[in-house]
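Dear colleague,

Please find below the structure that I am handing over to you.

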Amino acid sequence: MLRYCCIRGKQSIASLLELQKTCSSTGYSTLDGHHHSHRHDQTSVSSTSDDINADMERIFGSPVSIPDSFSSSPTASGMPESSSPSSSSSVAGSRQLTHTDPDTGKATMVDVSHKSSTARSATATAKVILGKEAFQLVHDNHVSKKGDVLTVSQLAGIMGAKQTSQLIPLCHPILLSDVSVSLTLDEDALSVGIWAQATTVGPTGVEMEALTAASVAALTVYDMCKAASKMIEITDIRLVEKKGGKSGHWKRRHL
């Protein structure tokens, strides 16, 4: 009944009410006066359905065919599934996670055997906010019995870059050509600025090596200064530049 009401919405409502009055909880009567009781057998149900359809067609006319484009079930937004913004077709061509198998969704290592070896480099930075007291101790090189904070942290960053594939599960072991780490004191910000760069000639980039170098150097600064202050913050760990590879040269615009 609902289908016919939607299709023949301009038909007289009075005609619909005429049909509805003839229906009852135990059965219904068609407009020609024949009474049909509910039956549990399949033959009676089928016959009753045919009678209903016949009455409907007599009142509202023959049903209008529905285009195929409206045959799919609508989504919550009222749109067919095929045109929903959340469907896979709307994200076709978008970037995907390279360490996730597109078929299973499981983590996987990227196969770089088909890539050619090229010169690649990456630069990352980090900042360690020390606070006034800890900064002064680092500046005067009196902060720790472990040694010179900046020198030890520099060496830790270099060592960290060489261990990246051991720390990050899906990173390739890379033959590094060079790792450079430098730390500078920023008196205005009461912080230590960290700059790290990794270079290689190979089939994959060294962004993770640069980021690991900066991170490990920052953690080492924290370790050597934590006795002076528990308020030390490690912040602004980020890639600032990379060169080489399929994506070419990239540089962060705003630091």
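**Overall composition**

Of the 255 residues of the protein, 28% count as buried. Please bear in mind throughout that this is a predicted model. The accessible surface of the protein amounts to about 16,800 Å², and carbon and sulfur atoms contribute 55% of that area.

The protein contains seven helices and seven strands. Read from the N terminus, the order of these elements is α-α-β-β-α-β-α-α-α-β-β-α-β-β. Among contacts in the protein with a separation of 6 or more, 63% are made by residues 24 or more positions apart.

**The packing of α5 and α7**

Helix α5 covers residues 149-162 and helix α7 covers residues 207-225; the two pack at an angle of about 145°, and their axes lie 7 Å apart. The crossing of α5 over α7 is right-handed.

On the α5 side, the residues that meet α7 are Val 149, Val 152, Ser 153, Ala 156, Gly 157, Gly 160 and Ala 161. On the α7 side, the partners are Glu 209, Thr 212, Ala 213, Val 216, Ala 217, Thr 220, Val 221, Met 224 and Cys 225. Sorted by class, this contact comprises 10 nonpolar residues, five polar residues and one charged residue.

**Cysteines**

Cys 225, listed above among the α7 residues that meet α5, is buried, with a relative accessible area of 0%. Cys 171 is also buried, because its relative accessible area of 13% falls under the 20% limit. How many disulfides does a search of the whole structure find? The search returns zero. For reference, a disulfide is a covalent bond between the sulfur atoms of two cysteines.

Ser 229 is placed in the loop between α7 and β6. Is this residue, Ser 229, buried or exposed? Ser 229 counts as buried, because its relative accessible area is 16% and the limit is 20%. Leaving aside neighbours within four places in sequence, Ser 229 is in contact with Leu 130 and Ala 134.

**Strands β4 and β5 and the loop between them**

Strand β4 spans residues 176-186 and strand β5 spans residues 191-202. Thr 184 belongs to β4. Which residues does Thr 184 contact, leaving aside its neighbours within four places in sequence? They are Ser 191, Val 192 and Gly 193. The C-alpha atoms of Thr 184 and Ile 194 are separated by 6.7 Å, although these residues are 10 residues apart along the chain.

The loop between β4 and β5 holds Leu 190. The phi of Leu 190 is near 50°, a positive value in a residue other than glycine. Leu 190 is partly exposed, since its relative accessibility of 26% lies between the limits of 20% and 50%.

Asp 236 is found in strand β6, which comprises residues 233-243. Although Asp 236 is not a glycine, its phi is positive, at about 55°. Most residues other than glycine have a negative phi, and this is the background against which the values for Leu 190 and Asp 236 are reported. With a relative accessible area of 32%, Asp 236 counts as partly exposed.

Yours sincerely

Notes. Residues are numbered from 1 along each chain as its sequence is written. This is a predicted model: local features need pLDDT of at least 70, side-chain atom pairs count only at pLDDT 80 or more; totals for chains, interfaces and linings use all residues. Side-chain values use heavy atoms; hydrogens and water are left out. A disulfide is a pair of cysteine sulfur atoms within 2.5 Å. Buried means under 20% relative accessible area, exposed over 50%, partly exposed in between (1.4 Å probe, protein chains only). Axes are lines fitted to C-alpha atoms, for helices over the stretch in contact, and angles run from 0 to 180 degrees between N-to-C directions. Helices (H or I, at least four residues) and strands (E, at least two) are DSSP runs, numbered from the N terminus. A crossing is left-handed if the near helix is turned anticlockwise from the far one by less than a right angle, and right-handed if clockwise. Contact means heavy atoms within 4.5 Å. Ala, Val, Leu, Ile, Met, Phe, Trp, Tyr, Cys and Pro count as nonpolar, Asp, Glu, Lys and Arg as charged, and the others, Gly among them, as polar. Accessible areas come from the Shrake-Rupley method with a 1.4 Å probe; for residues, only the protein chains shown count as cover.
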